[in-house]
Amino acid sequence: MGKIKVGVYICHCGVNIKSTVDVDKLTRFALTLPHVSVAKNYIYLCSDPGQELIKKDIEENSLNRIVVASCSPRMHEPTFRKVLRSAGLNPYCLEMANIREHCSWVHKDAHKATRKAEGILAASVAKANLLEPLEEKEVDVTPTALVIGGGIAGIQAALDIADIGFKVYLVEKEPSIGGHMMQLDKTFPTLDCSACILTPKMSDVGNHPNIELHTYSEVVDVKGYIGNFKVTIKKKPRYIIEEKCNACGLCVPYCPVEMPDPFNMNLSKMKCLYIPFPQAVPACYVIDPKHCRYTLKRECKQCDPVCKELKAIDLKQKEQLIQVEVGTIIVATGFDTFDPTLKPELGYGLYPNVITGLEFERLSSASGPNLGELLIHGKKPKDVVFIQCVGSRDKAVGNEYCSRVCCMYTAKQAHLVREKIPDANITIFYMDVRAFGKGFEEFYDRVKQEGVMYRRGNVAEVFKRKDRLIVRAEDTLMGQPIEVEADLVVLAVGMVPRQDTAAVAQILKLSQSADRFFLEAHPKLRPVDTASDGIFLAGCCQGPKDIPDTVAQASGAAARASIPLSQGKVRTEAIVSYVDERACRGCALCVEACPYEAIELKTIERAGQLVQVASVNEVICKGCGTCVTACLCGVMQQKSFNDEQLLSMIAVLGERYE
Amino acid sequence: MNIQKIRDEASRALGRKDVKYLIGYQKGSYGFRVSPAFFQTKEEVERLIFSPLCQVSLAPYLTLEEVVPLPGEEKQKASKVALLARGCDSRAINQILAEKGIPRDRLFIIGIPCEGVIDRRKIEARFPSVTEPAEVREENGKYIIAIGDQSHEVPKEELLADACKVCRYPNPLIYDKLTGDKVAPHQANYDDITSWEEKPLEERLQFWLDQFSRCIRCYACRNACPLCYSTVCILDRLDPQWVKRSNDTSENLMFHVSRAFHLAGRCVSCGECERACPMGIPLMKLNRKLEKDVNDLFSYEAGKDAESKSPMTTFHVEDREDFIL
Amino acid sequence: MSEFEPNIVAFLCNWCSYAGADLTGTSRIHYPPNVKVIRVMCTGRMNPLFVVQALRQGADGVLISGCHPGECHYLKGNYLARRRFMLMRNLLGFIGINPLRLRMSWVSASEGKKFADVVTTVTEDIKKIGPQQSFTREAV
């Protein structure tokens with residue numbers, strides 16, 4: 001390595017730094033530090049002239065290490081790395097000293113702040129002296145995407161990526177795509193029929209040449225990294241051959257087994273040989289193995305001979321595991337509704353006329369158990385009470401968040417009751433009404449004008465008195481407790497993360513936020529990315545949202561997921577870890593410590609012996625450095641954060657800068 | 001403990017085609033001295049001994065001898081090393097195997113349940129300046145010591161090595177052949193650690209600074225330890241240099257804290273470090289403190305088997321964090 | 001005789017604690033100027049031996065700060081750090097080094113106020129126990 005020549009650049013940041021830190025004193029101090037040959041200060045280093053100043057100095061003075069003392073590296077490290085690149089210097093020969101967020105903005109005493117800035121600067125120069133140029137590698141990207149989840153989010157994302165021109169695997173757990181949106185009746189605030197606007201998109205998915213649809217399937221393993229994921233998909237046996245079934249349904253009457261219909265929220269029955277709903281994509285029947293007499297006890301087989309010509313029934317069908325390679329992944333696994341048995345005071349499960357919002361959707365839907373007539377025990381309810389915020393904004397059940405959709409869907413459901421039962425008494429108990437979206441406030445007004453009684457207060461209890469349901473609440477605006485009689489109580493259950501969220505997170509190495517939905521990379525600036533490069537989020541799996549927001553986010557995720565696919569190459573992390581193969585003893589502590597399985601043992605010849613040493617996959621390595629600490633021999637180090645560099649900073653910071 | 005049975009096993013081991021040599025013990029040059037020894041042929045087994053005087057652990061030789069660079073064209077021969085292993089030795093072997101320090105198929109372990117060894121310093125203090133050959137055997141809780149043609153009886157407790165007094169694994173946990181009857185383990189006893197922690201901070205610090213100031217940085221503790229076998233030890237490195245060559249208190253403190261910390265979850269409490277230390281520094285105190293913590297906090301003991309994952313690369317979501325702000 | 005001003009070295013992880021400390025600055029929340037920061041990518045990179053090295057080279061206290069358990073940007077670095085530093089803290093205490101000289105905290109990117117509180121607490125605690133002068137490295 002040639003002679004190290006360090007250039008130190010101190011920013012005033014207008015008055016943000018200069019008003020507290022004595023930048024001239026700091027500049028004179030910088031010149032006393034090891035190998036510093038140039039030290040200057042300037043009003044705005046991130047500005048064009050500021051950047052030019054650094055660039056010119058590098059070129060004219062053959063500087064090979066640069067220290068910029070200014071704002072946080074989280075702010076402008078990319079900016080100044082570009083400056084180094086443009087001056088022909090390796091961008092990793094840059095070190096930033098944070099004398100703004102960590103100094104001038106948080107200390108009043110100018111003398112102490114300046115002395116602290118000297119310490120920070122000295123440590124940065126000590127590290128800069130030991131920095132080495134680093135390489136950024138590029139890897140090819142498989143021009144294919146995987147979308148996990150076939151609800152509206154997954155459908156939109158898959159269609160967008162497919163339209164852009166890339167192949168998409170869409171994997172859905174249920175026998176048909178469509179998700180929860182398929183179960184809804186009319187959607188707020190426009191009162192569009194949910195199934196009517198969804199089915200054309202589902203049809204597009206089924207017909208799109210770029211989409212390979214795998215329903216009744218689950219992703220069970222994901223290996224690899226961005227651009228090069230290897231995914232294992234488990235295809236569950238339908239016991240019906242998908243390519244042959246034409247959904248004629250002639251086999252169904254011969255099936256003797258009835259079971260609760262989950263699409264209708266178990267409010268009706270279906271045969272265990274079923275199609276989830278008539279517009280299912282793919283249009284193919286399926287046999288439920290947990291109820292079928294053949295799969296359970298090798299009895300029956302009454303359906304088999306019925307499908308004579310097509311021979312689509314195959315009771316011996318087995319589960320299949322297939323492997324695919326993709327470049328990027330979108331997670332669109334959706335949500336579950338809150339289970340109101342966790343709030344026993346509301347009577348769900350105890351009284352049959354206490355139902356959830358989703359169950360209401362099925363009752364109200366023309367394709368539901370009562371073909372759209374709202375009937376409870378065969379009778380139209382006269383007194384209907386809605387209770388908002390069930391399982392949301394509720395510390396007691398561990399869900400502090402607001403589920404966003406319930407105020408509006410309750411208003412919509414109240415409207416549907418008014419439409420179907422004009423003389424019904426409709427009461428809604430609420431804490432707040434959140435009508436934030438386009439057309440939402442107008443819709444809420446309309447519903448109020450339809451004679452729906454909004455009462456502000458939390459419901460304490462739903463109980464039976466003689467044979468009437470009573471809802472007892474506190475009306476906070478009236479300042480007194482009230483009781484309302486009800487024939488039907490609808491609980492506006494919120495959205496909760498799916499039960500399998502933790503399992504999916506494990507497979508994809510995703511994190512969960514405090515509310516247990518999937519964690520985005522940055523709450524504001526990267527709401528569809530995850531911390532795992534190449535894996536994106538769409539829809540309610542990231543947090544509760546309504547259909548327009550879901551579709552918008554899905555398109556956003558599709559765009560983000562398509563960037564690596566269209567660039568064809570992806571840059572890997574430069575600050576990776578590396579091994580000194582001369583001295584590694586192959587103990588594999590680093591292999592165990594690595595969160596990404598980026599380290600393997602490999603066999604090499606060393607001094608005539610065959611030994612095992614650690615080997616870092618620089619494409620998978622994300623540069624956390626956990627392996628470095630695990631290594632007892634000091635042979636595993638991290639680029640730009642090796643022991644020598646950090647120890648030099650520790651040594652410098654030992655001095656009292658008072 | 002039947003020396004003839006041990007010699008027979010050793011003989012049989014050396015008779016195997018795949019055993020290169022056997023590591024055991026032989027009489028030392030004088031007095032109570034015993035030395036580790038390498039036996040190549042069955043005939044040499046005659047000088048193999050095994051007695052309470054055999055304090056030194058043979059486990060460090062496994063990582064020492066077998067991985068030196070081969071000269072010139074010499075090819076690595078895949079053949080076994082046989083050795084005698086007591087409880088602590090077998091734990092050290094398990095730990096080394098778990099860390100892939102040596103392949104299992106290179107070892108032939110003759111396991112010997114151990115009733116404890118004598119601390120050489122203690123017996124030499126009791127019987128100073130003994131130059132005639134001496135032999136010791138154990139009988140009914142006493143050591144029968146034969147020096148020349150004189151015989152002495154000493155209660156076992158007076159001469160037993162401190163590490164053996166609290167030994168919970170006297171019986172080998174891994175072996176190819178076991179010779180001898182199983183021995184009852186002691187109960188876990190960390191009273192000395194807990195009572196130490198009741199002393200005021202200043203007293204503790206003063207004690208340890210005094211101890212560290214006496215260290216001459218001979219590295220005997222590191223060399224004697226069966227688990228200190230890094231190709232390059234961070235305490236030797238110059239790139240970066242964690243400790244300077246000088247043996248002042250600060251460097252020595254860093255040396256011993258680093259060594260103890262690197263042994264966290266790996267130390268098998270064989271006591272070799274303290275045995276080897278020429279300055280009599282109570283090194284086992286540090287190791288046993290960490291051993292106790294690793295067991296209390298992470299329910300882990302080193303060397304129980306050859307597969308366990310290190311507690312330092314695994315975690316439980318419920319690990320204690322009461323000290324974290 | 002002026003009051004003892006502790007010299008504290010802090011290791012902050014890039015994604016949570018360093019960002020949290022940045023937020024303290026952006027929010028203009030003030031705290032004592034005794035802490036100087038070394039940025040690493042993850043608490044997993046923080047070697048407990050750094051603490052001893054810092055304490056014997058002029059630091060009176062060391063602060064280790066990272067993401068809350070379960071939120072580590074690199075999935076599990078902080079879980080391993082938690083174990084490592086628990087052991088080191090206990091070992092230092094055993095030798096007689098005041099455990100208040102090694103502090104650890106979880107500060108997320110949104111906890112600007114918490115970072116200021118942590119720094120204030122740690123500074124005040126070290127002020128009370130005085131400078132580390134018992135095993136300082138000798139000058140060359």
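This briefing walks through the contacts between chains, and then some local features within them. The model is a predicted one, so please read every value below as computed from that prediction. Chain A meets chain B through 23 residues of chain A and 21 residues of chain B. Chain A also meets chain C, in a contact that takes 50 residues from chain A and 52 residues from chain C.

- Three residues stand out here: R585(A), Q609(A) and L632(A) supply 33% of the area that chain A buries against chain B, more than any other three residues.
- By class, the side of chain A that touches chain B holds 14 nonpolar, 4 polar and 5 charged residues.

**Where chain A meets chain C**

- The area buried between chain A and chain C is about 4,200 Å², with 58% of it given by carbon and sulfur atoms.
- Across this interface there are 2 salt bridges; E77(A) forms a salt bridge with R39(C), and the closest N and O atoms are 3.4 Å apart.
- Polar contacts join 18 residue pairs across the interface of chain A and chain C, both residues being at pLDDT 80 or more.
- Several elements of chain A each supply at least two residues to the side that touches chain C, including helix 3 (73–86), helix 4 (100–104), helix 5 (110–130) and strand 34 (636–638).
- Helix 14 and helix 16 of chain A are also among the elements supplying at least two residues to the side that touches chain C, and helix 16 gives the largest share, 7 residues.
- The residues on this side of chain A divide into 21 nonpolar, 16 polar and 13 charged.

**Strand pairs in chain B**

- Strand 1 (residues 19–27) and strand 2 (residues 34–39) of chain B pair in the antiparallel sense over 6 bridges.
- Within that pair, I23(B) has F38(B) in strand 2 as its bridge partner.
- The hairpin of strand 1 and strand 2 of chain B has 6 residues between the strands, and G31(B) takes a positive phi near 55 degrees there.
- Further along chain B, strand 5 (residues 134–139) and strand 6 (residues 142–147) are antiparallel and pair over 6 bridges, with A134(B) partnered by I147(B) in strand 6.
- The hairpin of strand 5 and strand 6 of chain B has 2 residues between the strands, and N140(B) takes a positive phi near 50 degrees in this hairpin.
- Strand 6 of chain B is also joined to strand 7 (residues 150–155) of chain B by 6 bridges, and these two strands run antiparallel.
- A146(B) stands opposite S151(B) in strand 7 of chain B.
- In the hairpin of strand 6 and strand 7 of chain B, which has 2 residues between the strands, G148(B) has a positive phi near 60 degrees.

**Aromatic pairs**

- Over all chains the count comes to 23 aromatic pairs.
- One of them is the edge-to-face pair of F360(A) and F386(A), with 6.0 Å from centre to centre and 65 degrees between the planes.
- This pair links distant parts of the chain, 26 residues apart: F360(A) is in helix 9 (residues 357–364) of chain A, and F386(A) is in strand 21 (residues 383–390) of chain A.

**Backbone features to look for**

- Most residues other than glycine have a negative phi, and most peptide bonds are trans.
- V281(A) and P282(A) are joined by a cis peptide bond with omega about 0 degrees; P282(A) lies in the loop between strand 15 (273–274) and strand 16 (286–287) of chain A.
- D239(B) and P240(B) are joined by a cis peptide bond too, with omega about 5 degrees, and P240(B) is in the loop between helix 9 (220–224) and helix 10 (249–262) of chain B.
- C300(A), a residue other than glycine, has a positive phi near 80 degrees, and C300(A) is found in the loop between helix 8 (293–297) and strand 17 (320–326) of chain A.

Technical notes. Residues numbered from 1 in each chain as written. Chains lettered and ligands numbered in written order. Predicted model: local features only at pLDDT ≥ 70, side-chain atom pairs only at ≥ 80, totals over all residues. Heavy atoms only, no water. Contact = heavy atoms within 4.5 Å. Buried area = accessible area lost by both parts, 1.4 Å probe. Nonpolar A, V, L, I, M, F, W, Y, C, P; charged D, E, K, R; others polar. Pairing = 2+ DSSP bridges. Helix = DSSP H or I, 4+ residues; strand = E, 2+ residues; numbered from the N terminus. Salt bridge = Lys/Arg side-chain N within 4 Å of Asp/Glu carboxyl O. Polar contact = N/O pair within 3.5 Å; in protein donor to acceptor, adjacent residues only side chain to side chain. Phe/Tyr/Trp six-rings, centres within 6.5 Å; stacked < 30°, edge-to-face > 60°.
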